[in-house]
Number of protein chains: 2
Amino acid sequence: MALVVQKYGGTSVANAERIKNVARRIAAAKDKGDQVVVVVSAMGDTTDELIELACQVSKQPSERELDVLLSTGEIVSSTLLAMALRDMGYDAISLSGAQAGIRTDSAYSRARILKVESKRVVKELEKGNIVIVAGFQGITGEMDITTLGRGGSDTTAVALAASLGAEACQLYTDVDGVHTADPRLIPEARRLDEIGYEEMLELATYGAKVVHPRAVELGELFNIPILVASSFTQNPGTLIHGGVSMEVRNKVRGIAYDLDVAKITVVGVPDQPGIAASIFQPLAKAGVSIDTIVQNASINNITDLTFTVAKSDLAGAMRVVEPIAKSIGARQCASDSKLGKVSIIGTGMQNTPGFAARMFGTLSQHNINIQLITTSEIRITCIIDETRVKDAVRALHRAFEVEMEE
Amino acid sequence: MALVVQKYGGTSVANAERIKNVARRIAAAKDKGDQVVVVVSAMGDTTDELIELACQVSKQPSERELDVLLSTGEIVSSTLLAMALRDMGYDAISLSGAQAGIRTDSAYSRARILKVESKRVVKELEKGNIVIVAGFQGITGEMDITTLGRGGSDTTAVALAASLGAEACQLYTDVDGVHTADPRLIPEARRLDEIGYEEMLELATYGAKVVHPRAVELGELFNIPILVASSFTQNPGTLIHGGVSMEVRNKVRGIAYDLDVAKITVVGVPDQPGIAASIFQPLAKAGVSIDTIVQNASINNITDLTFTVAKSDLAGAMRVVEPIAKSIGARQCASDSKLGKVSIIGTGMQNTPGFAARMFGTLSQHNINIQLITTSEIRITCIIDETRVKDAVRALHRAFEVEMEE
């Protein structure tokens, strides 16, 4: 008897009809003779509606209270799913993140899972129950409720799969897998049958929203194969795992984009030790997440330091950076909030020259100006004007089409 | 420094504006220098909406899951209220029923409070926090969430007040106190400044919805004065306590009514020991709450047994009673679901004759037929046709008006 962890996203449980549909899928898994643990997100737009309510009563809602508030969304969907299963004659029980033993640190709104104390889940499985766990949430050592931030339910599912020694972790969502590019943008984008953890990590980090990088990281760490598939179809989905064959790996695998990019440039910074720390430590303290950092070659010991943040963090970041820039004698502090980024990703790029050249050439042919470039071993990212991002994705998908054939 | 427990009902926190209004009232109590514990109900119609959702996914929702689902309503309002208070600069923290130590039995949907482990509440009060507790809910020894049924938040408030040794328990709602009759029905009904526990218990049990009998019972048991007042006005409300003066007690205090009455009559029952038990034990097992029971004087060892239930319980009760009636040789089993009841209540009735006569006379003058009569020491209740209940309340309020003057 194998153990399977399934996760269903918010659109998959957006209303009573869809909850019943998901219940039927879970029942089918149970009928195969497997033990089934299900992680569920909040129904549809519940989380956004709760945030809206919080903002109506408070200009800056307390993070501790906001986490308790948001955690109710997943409690609601988990109980409804358990009811629907019981209505079909299956033994099922819902557990909150706390009851399922998801222990986290106390970083409200972005808590990290410290460990999973799965005793209660195991006990309920042994009783023959399908166990429905409220995703996205955990509990601190002081018994206060936390939420895990973006991608939280994916992370809950993979963490539970790791702790329970599950055979498979299946993330069901509203798209039928991982594609070579966003299929809403590129109709000819193809679904990938499989992809390696690292490639998926880069794709997810650089804009593919189908699965959260934290979940992929955790999957890689514990070597849990993760299936990403649609809850609305019977299509096979994409398997993220460590055993993707060399041949398949030797390609550009996907193109990711992200429209949520703002840039800050500190111009004329003295190039001396400690300067970067003096800027980035206060930003970290203020909770601003930095994405790309680029420092130009220094001329006469004066350099420019450029970094990108989410658009919503730009104003806060500028408030932190401007006084520091002044105090270290920088010439000025500039920002641009109308940017996006486009990335090509594939382990095949690692030992094969020419990918960067072809990427830059393609963008140039389409008259798209590159503002920043960053690379990893298996990724090349260009930061460009936000209005040209979709053109860039289309052009690059065409240019690398051959490589993406399997 | 005194400790005050306040409770705010669902209409008082129905939207963001009202939550902020309630926050201002709580802040005013805190500003007086008191420690403040607040119990809050779910916003507006939240509970009904959640039940509706449950019924969409399941014909007969699991009681365990339904309790977890419903408990989210009070979690939401408690966090929003804490946020609103923090936004005003007050230290406040929300606690779930479980966190506040409301320990109950495991009778889902109608759990009884076994004890209150108030350590966490006391700790938060000592830190200077206003403590907002989600009402209507508790937790079993197995850490499963329960709800307390109708009037649950009132009960939470009085239980907390008792356990914390609070100086006062204030129940804020959408009416400004306890009246001589339902003011929506009888515009000339007067608010009572004070009322004794027993009178209030009878009034509440026999139809006055302003405060739940369980809460009154608990208040009497621990001698906690309970103020019932409006959260929308500064009116003084009604104080329920044990020290109401003899003079004030020597009156008919109020008229209660209830339209939710159905009657079952088992006709031609052999009058022998054990017959009542054979009917009422299975009904109790089936979870049917029996209200009034009347057994006529026996003629030739054959009697009629009549009892009343809530209208929603009638069909279920008939399914239980009909086969039993047959098996004990009763002649027939009849039911009537179109009934209501009207009661006059007051400790003054205890030693003063004539109240019953005047009540029956008044109903007779208005051509209202009495189907059943039951009395307690301080109450007379008549069960009548549901279409005549409001006429009866009006007529009785007029007839006993003099007695109700204070």
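Which elements of chain B make a right-handed β-α-β unit? Strand 1, helix 1 (residues 16–31) and strand 2 of chain B make that unit. A crossover is called right-handed if, with the strands pointing away from the viewer, the path from the first strand over the helix to the second runs clockwise. Helices (H or I, at least four residues) and strands (E, at least two) are DSSP runs, numbered from the N terminus.

1. Basis of the model. This is a predicted model, in which local features need pLDDT of at least 70, side-chain atom pairs count only at pLDDT 80 or more, and totals for chains, interfaces and linings use all residues. Residues are numbered from 1 along each chain as its sequence is written, while chains are lettered from A and ligands numbered from 1 in the order in which they are written.

2. Confidence. The average pLDDT of chain A is 90, and 97% of its residues score at least 70. Here pLDDT is the predictor's confidence in each residue, from 0 to 100. Where pLDDT is low, the predicted coordinates should not be read in detail. For the model, ipTM is 0.79 and pTM is 0.82.

3. Overall form of chain A. Chain A contains 13 helices and 18 strands. Its radius of gyration is 23 Å, close to the 22 Å that the globule rule gives for 406 residues, so chain A is as compact as a globular protein of that length. The radius is taken over C-alpha atoms, and the rule is 2.2 Å times the number of residues to the power 0.38. The C-alpha trace of chain A spans about 75 × 50 × 35 Å along its principal axes. Of the 406 residues in chain A, 51% are buried. A residue is buried if 20 or more other C-beta atoms lie within 10 Å of its own, exposed if 12 or fewer, and partly exposed in between, with C-beta atoms placed from the backbone.

4. Contact between the chains. Two residues are in contact if their C-beta atoms, placed from the backbone, lie within 7 Å.

5. Strand 1 of chain B. In strand 1 (residues 3–8) of chain B, five of the six residues are buried. Strand 1 runs parallel to strand 2 (residues 35–40) of chain B, with six bridges between them. Strand 1 also runs parallel to strand 9 (residues 168–173) of chain B, joined by five bridges. Two strands pair if DSSP finds at least two bridges between them. V5(B) has V37(B) as its bridge partner in strand 2, and stands opposite C169(B) in strand 9.

6. Two single residues. L283(B) lies in helix 9 (residues 275–285) of chain B. L283(B) counts as buried because it has 20 C-beta neighbours inside 10 Å. Apart from neighbours within four places in sequence, L283(B) is in contact with V288(B), I290(B), A317(B) and V320(B). G329(A) sits in the loop between helix 10 (314–327) and strand 16 (332–345) of chain A. G329(A) has 11 C-beta neighbours inside 10 Å, so it counts as exposed.
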